[in-house]
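Welcome! Open your viewer, get ready to select residues by chain and number, and follow along stop by stop.

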Amino acid sequence: MRNILVTAAIAVAIMATVRAQQGGNARPADLSGDWQPDRTRGGMGQSLSPSDPGGRKRGNEDDIPYQPWARAKTLSEKTSTGPESRFDETTDPQVIYCEPPGVPHIYLWPVKMRFVPTSEAVYLLYELGPFFRVIWLNAKHPEDPDPQWWGHSIGHYENGDTLVVDTVGFNDKTWLDQMGHPHSEQMHLIERYKRVSPAQLELDMTIDDPGAYTRPWNSHRNFATSTTGFLRYQQICSVRENQKFFDDVGKPAVGTLPRK
Amino acid sequence: MKNVTRVLLMTVAVAVGVVPASRRLSAHHGANLYDMTKAVMLKGTIAKFYWGNPHNEVTVDVKDEKGNVAQWVAYTEPPLVMLERGWTRKSMTIGDEVTIYIFAARNGSTVGTLNRIVLKDGKELTAYPMPGTPAPPAPAK
């Protein structure tokens with residue numbers, strides 16, 4: 001009997017160790033597949049505001065708790081898409097400088113992502129860039145992280161179906177979405193990726209940024225599986241290629257005179 | 001009447017009527033610059049085809065009844081997205097006669113957002129859907 005108890009205790013300890021190595025006490029969520037914005041459930045949208053996904057109330061949304069400077073900054077930006085887009089004179093840093101969109105802005109682009117789980121981290125690959133993020137499992141944030149484009153992410157699994165990602169250490173150079181919502185270096189982003197059906201993934205986000213907003217606020221994204229293949233074409237941002245597009249299609253449409 | 005018919009066949013025709021305001025969310029540039037309420041039909045020949053980021057561009061020479069040629073440029077989403085809709089970098093052949101449906105610039109410029117294109121062999125390739133309509137299904141890999 002004693003041997004049985006000892007064996008059982010050892011087995012439990014081993015299982016706990018394995019689970020810890022896999023990112024916490026919950027078993028890993030199966031997030032396999034190539035995920036793209038779900039065009040049947042909101043698509044990409046323009047804004048993270050749940051009440052204004054199309055960006056029509058930019059700067060005046062009821063569900064974004066702006067600090068005064070953040071509202072003024074939003075209203076001062078010129079967007080490249082959306083109801084008031086002026087892509088000939090946009091201030092979107094991703095368009096004019098080809099800077100990384102960061103997160104969550106990358107989820108407002110028509111690109112797929114793929115989760116690559118390992119024992120030490122989940123690698124999140126994006127067709128845009130192509131960029132990738134590292135979600136460290138069983139890890140802690142540095143005490144004083146250097147501010148960077150994608151911040152520092154740690155993660156764990158919950159309930160066997162959810163990956164929770166906690167990110168700090170962002171720089172303040174990216175927009176949160178296409179509508180120019182700013183953030184500060186104090187942003188603390190919580191992402192919860194949950195597969196709700198074999199073909200559907202949902203992302204709940206909490207944006208906690210005491211440097212830009214008066215309280216934490218939430219947003220949501222829907223994704224669907226794609227079977228068309230991952231990274232069949234590299235979605236690379238080039239200032240030169242962007243300029244060609246502005247010259248060919250943008251400037252004529254913005255100008256007051258017909259194109260010659 | 002004959003002239004009207006010629007105009008309809010040879011040059012620009014409003015192909016689709018006004019549709020209800022869109023609830024669909026699209027991230028393309030300049031919904032305020034291009035008239036997304038109607039797709040204009042144009043018949044012409046492929047002059048250029050740019051396959052690349054940030055957007056593909058289809059350039060079509062459109063001849064009016066007097067023989068004057070206007071060059072139209074219609075853009076699509078990037079190759080990454082268009083591959084899913086069955087497009088490839090070899091989808092267009094320079095000189096082929098095609099029919100395009102375009103959300104044209106509001107200011108009268110001969111540029112716009114491509115809705116769809118009917119190729120010489122009758123094959124139709126879709127691009128930006130009409131606002132308010134479901135996106136076309138992606139073909140399997």
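## Where the chains meet

Begin by colouring the two sides of the contact: 41 residues come from chain A and 34 residues from chain B. Here two residues are in contact if their C-beta atoms, placed from the backbone, lie within 7 Å. Now select helix α4 of chain A, residues 239-254: with nine residues, this helix gives the largest share of the side of chain A that touches chain B. Helices (H or I, at least four residues) and strands (E, at least two) are DSSP runs, numbered from the N terminus. That side of chain A divides into 15 nonpolar, 19 polar and seven charged residues. In this count, Ala, Val, Leu, Ile, Met, Phe, Trp, Tyr, Cys and Pro are nonpolar, Asp, Glu, Lys and Arg are charged, and the others, Gly among them, are polar.

A word on what you are viewing: this is a predicted model, where local features need pLDDT of at least 70 and side-chain atom pairs count only at pLDDT 80 or more, while totals for chains, interfaces and linings use all residues. Residues are numbered from 1 along each chain as its sequence is written, and chains are lettered from A and ligands numbered from 1 in the order in which they are written.

Select strand β5 of chain A, residues 152-158, together with β6(A), residues 162-168. They pair in the antiparallel sense over seven bridges; strands pair if DSSP finds at least two bridges between them. Three residues separate them in a hairpin, and A:N159 in the turn has a positive phi of about 60°. Look across from A:E158 to find A:T162 in β6(A).

Is β6(A) mostly covered or mostly open? It is mostly covered, with five of its seven residues buried. Buried means 20 or more other C-beta atoms within 10 Å of a residue's own, exposed means 12 or fewer, and partly exposed is in between, with C-beta atoms placed from the backbone.

A:D166 has A:I190 in β7(A) as its bridge partner.

## Over to chain B

Chain B has two helices and seven strands, in the order α-β-β-β-β-α-β-β-β along the sequence. Finally, select B:I94, in the loop between α2 (79-84) and β5 (97-104) of chain B. B:I94 counts as exposed because it has 10 C-beta neighbours inside 10 Å. Leaving aside neighbours within four places in sequence, B:I94 is in contact with B:I46 and B:A47.
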